[in-house]
Amino acid sequence: MEIKWYIGLAVALFCTGIVGVLTRRNSIIIFMCIELMLNAVNLLLVAFSKMHAASAVVQANPNVVSDAQIFVFFIMVVAAAEVSVGLAIIVMLYRNTHSVDVNFLNRLKN
Amino acid sequence: MSITEILFWGLSALALFSAVMVVASKSPVYSILYLIVVFFAISGHYILLNAQFLAIVNIIVYAGAIMVLFLFVVMLMNLNAESEPKKHRMLQFAGLISGGCLFLVLIAAISDTAQASNMVQMGSGDNGLIKNLGMVLFKDYVLPFEISSVLFLSAMIGAVVIGKKERS
């Protein structure tokens, strides 16, 4: 496959996530759309690493390809930590306001 | 059309359809189930790119752990389509337009580059196998790996502290 199809797919997934964040008010769905955007970026990183694996420059130093996939691994690690804290915040929000509507959060005080 | 291309287009169509359904479906539980389908489709893409370690980690961490956590939270809160807060029609339309504009701008910026038709190595290359990635992870990236354990510890403590009921 050519790299442009992977870029197109990742951009489409990322923009779907953006549209979700902008149009929904349920905080859980907004959070899920952020996960969707993270995954689009991960897919693009892996696709670019495999694109460079085919090029002649990298043949001398094949570790460069592994670096991108280690990056994706660390993005997944950070995403897992982020989800646990974020869901705890949403649960606390629900306990205080009995809703997951983000419009209740438009002021930090009270 | 080779089998790889057929799989690529099939998985792409599945991922895009499910991603749209994540945003469009009314009930949060359906959104979560569609998001799991997206993660499985992306794992299929990783396998097509011969990044098997990432494919398995994606299924275990995202579809297995993170989405189950989401499902637990949604079911604990007893959310359904009737209690779903709705945004104003015009605001939804504006969000759709701005997302579409971003899509158009990114595609237009990328379509002119000379590297756009570079080929991606598919189904070959052993950089994504667990043997090579393990060597790189524990040789060159030992320090970030250890720091990520501290990150997990702090995230765990943070989640417990935030989620704890306040005594009044």
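First, the ground rules. The model is predicted, so local features need pLDDT of at least 70 and side-chain atom pairs count only at pLDDT 80 or more, while totals for chains, interfaces and linings use all residues. Residues are numbered from 1 along each chain as its sequence is written, and chains are lettered from A and ligands numbered from 1 in the order in which they are written.

Chain A, then. Its secondary structure is four helices and zero strands, in the order α-α-α-α along the sequence. Helices here are DSSP runs of H or I with at least four residues, strands are runs of E with at least two, and both are numbered from the N terminus. Of the 110 residues in chain A, 48% are buried. Buried means 20 or more other C-beta atoms within 10 Å of the residue's own, exposed means 12 or fewer, and partly exposed is in between, with C-beta atoms placed from the backbone. Among contacts in chain A with a separation of 6 or more, 50% join residues 24 or more positions apart; a contact is two C-beta atoms, placed from the backbone, within 7 Å.

Next, the interface. On chain A, 60 residues are in contact with 70 residues of chain B. Helices H1 (3-23), H2 (27-54) and H4 (63-97) of chain A each give two or more residues to that side. H4(A) gives the most, with 22 residues. By type, the side of chain A that touches chain B has 43 nonpolar, ten polar and seven charged residues. Nonpolar covers Ala, Val, Leu, Ile, Met, Phe, Trp, Tyr, Cys and Pro; charged covers Asp, Glu, Lys and Arg; the others, Gly among them, are polar.

H1(A) packs against helix H1 of chain B, residues 3-24, at about 5 degrees, with the axes 9 Å apart. Axes are lines fitted to C-alpha atoms, for helices over the stretch in contact, and angles run from 0 to 180 degrees between N-to-C directions. The two helices are therefore roughly parallel, a label for angles under 35 degrees. Residues meeting here include A:Leu9, A:Leu13 and A:Val19 from H1(A), and B:Ala15, B:Leu16 and B:Val23 from H1(B). This contact has ten nonpolar, four polar and no charged residues.

Last, B:Val57, in helix H3 (residues 52-77) of chain B. Why does B:Val57 count as buried? Because B:Val57 has 21 C-beta neighbours inside 10 Å. Leaving aside neighbours within four places in sequence, B:Val57 is in contact with A:Phe73 and A:Met76.

Methods
Angles under 35 degrees count as roughly parallel, over 145 as roughly antiparallel, 65 to 115 as roughly perpendicular and the rest as oblique.
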